[in-house]
Amino acid sequence: MKLYLRRRKKLLKKLFLGLGFFVIGFLLLMMLSLSEPGSDVLRPSQIYLFLSLMCICVIAAYKPLDFAISLLFRNWLFKNKSNTQFLLMHLAEELETVLNLHELGNLVVNTFGEVLHLKTVALYASRGEGRDYEVVSTYGWSLTEARKSPMSLKAAIMELISSHGQYVLVRDKVIRAMGWKDATRLSHDFNALRASWVVPVYRKLELVGFLAFSAADTESIIFDGADFQFFKEFASKIAAPLRNALRVDVMQEEIKKLQDEQSELVQTTKQEAIEQLASGIAHEIHNPLAIISGKAQILLLKKDKMGISPQVEEMLKAIVTQTQRASDIARKLLMFSQGGGEPPEPLNLVQILQDTIALISYQTSIEGIRITSAFHGDIPFFEGNVHEIREVFFNLILNAVQSLQEKGGKIHCEINYLEREKMIEFFVLDTGPGIPKESIQKLFNPFFTTRHENVGLGLFVTKQIVHRYGGTVRVESRLGEGSLFLVLLPCRTPRKAGKEQETAMV
Amino acid sequence: MIRLLVVDDEIEICEFLKSYFEERGYQVETAGSGDRAIHVLEKFDPHLVLLDVQMPGMNGLDTLKWIKTYHPAIKVIMVTALETQEKIETALRYGADNYITKPLNLNYLDKEVQGKIVNLIKH
C-alpha cells in the first residue's frame, strides 16, 4: 500500500542518518590513532577527545536510531495493523454494492469497532441538505440511546467539522485548543457522541456524515498521523456508498409515506362512498315504501266494501308490517351515515338498558331465554344521543337473543363504571353456540349475517356509533360456550346517576 | 266541506292520500311541488295542508314559511321521511302544527288531521 511505501522511505532515511553519524565517529577515532604511530597507548587527552567525539555522535545518532528502531519494531509488531487496514479498505470496496442503509451502517461500525478494538463507534449521516445528522448504526452502545442526540448543523462539533474539512478531530487536542466557552460546548457534543475521535465523511465538498468512536482506555490505543491519514482515506471510500444508501433510504421513506397516505385516502373514500350510498338509499327507499304501505292500508280500510277474503287481509297486513321493517333498516343506515345530528344530553344508561330489555322482551319471543342485568359502581350520566345508545344496547342484546333462539339459554348484561380509566363498560354475555373464528373478523362488516331473516346491519351500526363516541367494541367467543360483546365508552363528565342494583327478568 | 291540500313530489303518495281522505269526506287537492302548492293554495284556500319536507325546488320548509307568513290560519302537518331532529325542530319553530313520519300510518294521520280540524271548526 502507498501508505507503507511512504513510511519505509522515512524509516530508511532515519536509519542511514544514524549509521552515518556512527561511521563519522569511527573514522575520527581511526584518524586519531593513526596520527601517532609510535605510541601504543593512547594519551589521556586523546582518549578524552575520542570520548567526547563519540558522545556527540551517539547523541546526534540516538534520536534517529531510536525512531528507526521503534518504527521497525512497530512495523513488525503491527503486522496485523496493516492487515486491519487492508481489511477495512476491502470492506470499503465491498460497501459499494450495499444499498441498504442499515446494513451498510452496521457493517461499517461493527467491522471498525471489532478490528480496532474500540469501545464505541457510531455512524452519523444526514438525509438531506439542511437536515440534522442522525445516527445510522452504533457499535458498543444502544441505537436508541444514540437517537436521543441528533447533531444539528448548528452544533459546535458540526461547525468545527465544516470549518476544518476532512481533518480527523481528536477530542483532547481540539478541546485544549478552544476557548473556555467553545470547549464546553464541544465537550458536550463529544460526550453526546461518546467519542474521542471524529472522522468526517466527505463526498467531494459535501459532508455526508461522520464516524465517531472511542477506545475503552485512551492509553491503550493511540493513533498516529498515519492512522489518521488512513481514517481519512477510509472515510472518503465509504462516502459514496453511504450517500447512495441514504438516497435509497430517503426514497423508500417517501414511497412508504405515499403508500400510507394512499391507503388512508382509499379508506376514507370508501367510507365516504358507503355513507353516501347509505344515505341515498335510505332517502330514496322511503317514498316507495310509503306508497306501498299507504296503498295496502287503503285496501285494508276498504275491505268490507271490496269483499276482501281473510287470507288477502293477512297478506295486506304483512305488507304494512314488512314495509315498516324495511323503513327501520333505512333509518339505521341513515343513522350510520349522518352521525347523530342531535346535540348530546346527559343519559341515564341504567334506565335506557332496562327500557331496552323490556322492549326486546316485548318484541321478540324470548321463551326459554333468561335476561339478567347488573350495575356496579355509581354509574354517571353519559353525554350522548339517546337513540344511538339505545341502538347499541338493542343491537347487542338482540344479537344475543337471536343466538339463543333455537336452544334457549342465559343472557347477562352489565354496566360498570371504571373509575380509574373514566370509562363506562357495557357487556352482553350469552350462553349461545359461539361464533367461529373466521366469522369474528367479519362480524362488524355491513350486511354480514348468519341468519337469513336478518339484514346484517345491527353490529355494523353499533360499531359505528361506539366509534363515534371514541369507544371500542370487543368480541370474545368460544364455540359451544357462548360469546361476550364488550363495549367501552369514554365518560368525561362523571355525575351520579344509577345506584348499584341487580335485576332479573324472564 | 273541509278542504285539504296534499303536497308531495311523489304523485303516488298524493294520489293515495287523496283517495283516502276523499273516502273520509274531505275535499282534497294535490300539488307536486312547493311552487305549485302556493299556486293552488291561493285559489283553493284549504283548512289544512299536508306538506312533504323534502321536495326539489322550493322545499317543504320554505313552503311552510310562506304559508305561515301569508295565511297563518291554515294548519300545516309536515310529512317527513328521514329528516333529522334538527329539521323537525326548525319546522316546528316556523309554525308547523305537527309532523308525521313516512311510511304513513293512515289511522294515526286521520286522527291528527281530525284533531286539528276540530280545533279549527270550534274557533
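Predicted model: local features only at pLDDT ≥ 70, side-chain atom pairs only at ≥ 80, totals over all residues.
**View 1. A stacked pair, A:Phe112 and A:Phe234, in chain A.** The two rings lie 5.4 Å apart, centre to centre, with 25 degrees between their planes. A:Phe112 belongs to helix H4 (residues 101-115) of chain A and A:Phe234 to helix H9 (residues 225-301) of chain A, so the pair ties together parts that are 122 residues apart in sequence. Both A:Phe112 and A:Phe234 are buried.

**View 2. A tilted pair, A:Phe228 and A:Phe231, within helix H9 of chain A.** Here the ring centres are 6.2 Å apart and the planes stand at 45 degrees to each other, while the two residues are separated by three positions, about one turn of the helix. A:Phe228 is buried at a relative accessible area of 16%, and A:Phe231 is buried at 2%.

**View 3. The contact between chain B and chain A.** Chain B contributes 22 residues and chain A 24 residues, and together the chains bury about 1,900 Å², 63% of it on carbon and sulfur atoms.

**View 4. A salt bridge between B:Glu23 and A:Lys305.** The side chains of these residues meet at 2.7 Å, N to O, and the interface holds two salt bridges by the rule. On the side of chain B that touches chain A, helices H1 (11-23), H4 (85-93) and H5 (106-122) of chain B each supply at least two residues, with the largest share, six residues, coming from H1(B). By class, this side of chain B has eight nonpolar, six polar and eight charged residues.

Technical notes
Residues numbered from 1 in each chain as written. Chains lettered and ligands numbered in written order. Heavy atoms only, no water. Contact = heavy atoms within 4.5 Å. Buried area = accessible area lost by both parts, 1.4 Å probe. Salt bridge = Lys/Arg side-chain N within 4 Å of Asp/Glu carboxyl O. Helix = DSSP H or I, 4+ residues; strand = E, 2+ residues; numbered from the N terminus. Nonpolar A, V, L, I, M, F, W, Y, C, P; charged D, E, K, R; others polar. Phe/Tyr/Trp six-rings, centres within 6.5 Å; stacked < 30°, edge-to-face > 60°. Buried < 20%, exposed > 50% of the residue type's maximum accessible area, 1.4 Å probe, protein only.
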